[in-house]
Amino acid sequence: MIENNFSDFIESLSQSFIPVVSTKYSSKDYVAIDLSETNRDLNLIDVSSSTVFEEFISKYLQKRKAKLAYGGYNEIRAIYSRSAHFNQHNPETERNIHLGLDIWCAAGTAVLAPLDGRIHSFNNNANFGDYGPTIILEHTYNEITFYTLYGHLTVASLSELKIGQNIKEQDVIAYLGDASVNGDYAPHLHFQIIKDMQDFVGDYPGVSNKKDLAFYLKNCPDPNLLLKI
């Protein structure tokens with residue numbers, strides 16, 4: 001497969017909306033949200049506080065009569081500057097460009113596999129601002145293997161997993177964690193598609209710097225090509 005056709009391949013795997021969190025929500029329950037550094041509303045709150053940020057998300061949903069907010073792919077975000085895990089004080093190497101799609105909803109929400117696959121790896125990435133508990137699935141369709149990553153889960157979500165365990169489409173694979181375990185964020189799912197894992201196990205960069213962005217956008221296409229929210 002030609003490298004730049006991977007996005008087309010991912011898009012071809014679904015014909016309509018696929019839930020990646022609880023099936024009690026339809027696509028009509030979602031609303032797009034802009035969390036980029038250009039959103040002036042974020043200047044009015046303390047984005048370093050997970051509690052304040054959760055209140056911001058809640059009010060955003062209430063105002064729009066929605067139940068979940070989604071977005072963030074290829075979005076430049078200021079929030080990562082709070083963590084040394086991302087912030088290197090260099091415009092070229094500071095990692096602040098988001099590579100996944102975030103779905104903002106309540107802690108405890110079920111996380112679903114959007115496709116058949118198997119458990120590739122899992123880990124609790126416990127750095128401040130990191131994923132917290134993370135699961136990676138491996139998928140093979142039409143002899144093409146790729147991966148999906150699920151971040152910001154509960155610790156208990158990892159407790160009974162086995163490498164190589166088969167997963168069916170729409171199986172519940174995890175539950176969303178709260179700020180005490182998820183890297184100190186308002187509850188949300190970080191969902192990312194990855195072509196080449198580059199030997200990572202239980203982890204993969206979810207945020208890029210400017211220097212490496214072209215590579216990561218090719219290796220990690222827009223997840224909404226698959227989910228079609």
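**Rings, charges and backbone angles in a predicted model**

User: Why does F17 count as partly exposed?
Analyst: This is a predicted model. In it, F17 has 21% relative accessibility. Buried means under 20% and exposed means over 50%. The value for F17 falls in between, so F17 counts as partly exposed.

User: What makes Y30 buried?
Analyst: Y30 has 9% relative accessibility. The cut-off for buried is under 20%, so Y30 counts as buried.

User: How many aromatic pairs does the structure hold?
Analyst: There are 12 aromatic pairs. F17 and Y30 form one of them, 5.7 Å centre to centre with 70° between the planes.

User: Why is the pair of F17 and Y30 called edge-to-face?
Analyst: Two tests apply. Ring centres must lie within 6.5 Å, and 5.7 Å passes. Planes must be over 60 degrees apart, and 70° passes too, so the pair is edge-to-face.

User: What does the pair of F17 and Y30 tie together?
Analyst: F17 is in the loop between α1 (6-12) and β1 (30-32), while Y30 is in strand β1, so the pair ties together parts 13 residues apart in sequence.

User: How do you know that the rings of Y30 and Y70 are edge-to-face?
Analyst: Their centres are 6.1 Å apart, against a limit of 6.5 Å. Their planes stand at 75°, over the 60 degrees required, so this pair is edge-to-face. Y30 lies in β1 and Y70 in strand β2 (residues 68-71), so the tie joins parts 40 residues apart in sequence.

User: Is Y70 buried or exposed?
Analyst: Y70 has 17% relative accessibility. That is under 20%, so Y70 counts as buried.

User: Which residues do ring pairs link into a cluster?
Analyst: The cluster holds F6, F9, Y141 and F146. F6 also has the charged end of K195 over its ring, 5.9 Å from the centre.

User: Where does R64 lie?
Analyst: R64 lies over the face of Y60, at 3.6 Å from the ring centre. Here too the cut-off is within 6 Å, so the distance qualifies.

User: Why is the phi of N74 worth noting?
Analyst: Most residues other than glycine have a negative phi. N74 is not a glycine, yet its phi is positive, about 55°. N74 sits in the loop between β2 and β3 (75-76).

User: What makes N74 and Q198 partly exposed?
Analyst: N74 has 36% relative accessibility, and Q198 has 33%. Both values fall between 20% and 50%, so both residues count as partly exposed. Q198 lies in the loop between β12 (188-194) and β13 (207-208).

Terms used: Residues are numbered from 1 along each chain as its sequence is written. This is a predicted model: local features need pLDDT of at least 70, side-chain atom pairs count only at pLDDT 80 or more; totals for chains, interfaces and linings use all residues. Side-chain values use heavy atoms; hydrogens and water are left out. Rings of Phe, Tyr and Trp (its six-membered ring) pair if their centres lie within 6.5 Å; planes under 30 degrees apart count as stacked, over 60 as edge-to-face and the rest as tilted. Helices (H or I, at least four residues) and strands (E, at least two) are DSSP runs, numbered from the N terminus. Buried means under 20% relative accessible area, exposed over 50%, partly exposed in between (1.4 Å probe, protein chains only). A charge sits over a ring if NZ of Lys or CZ of Arg is within 6 Å of the ring centre and within 35 degrees of the ring normal.
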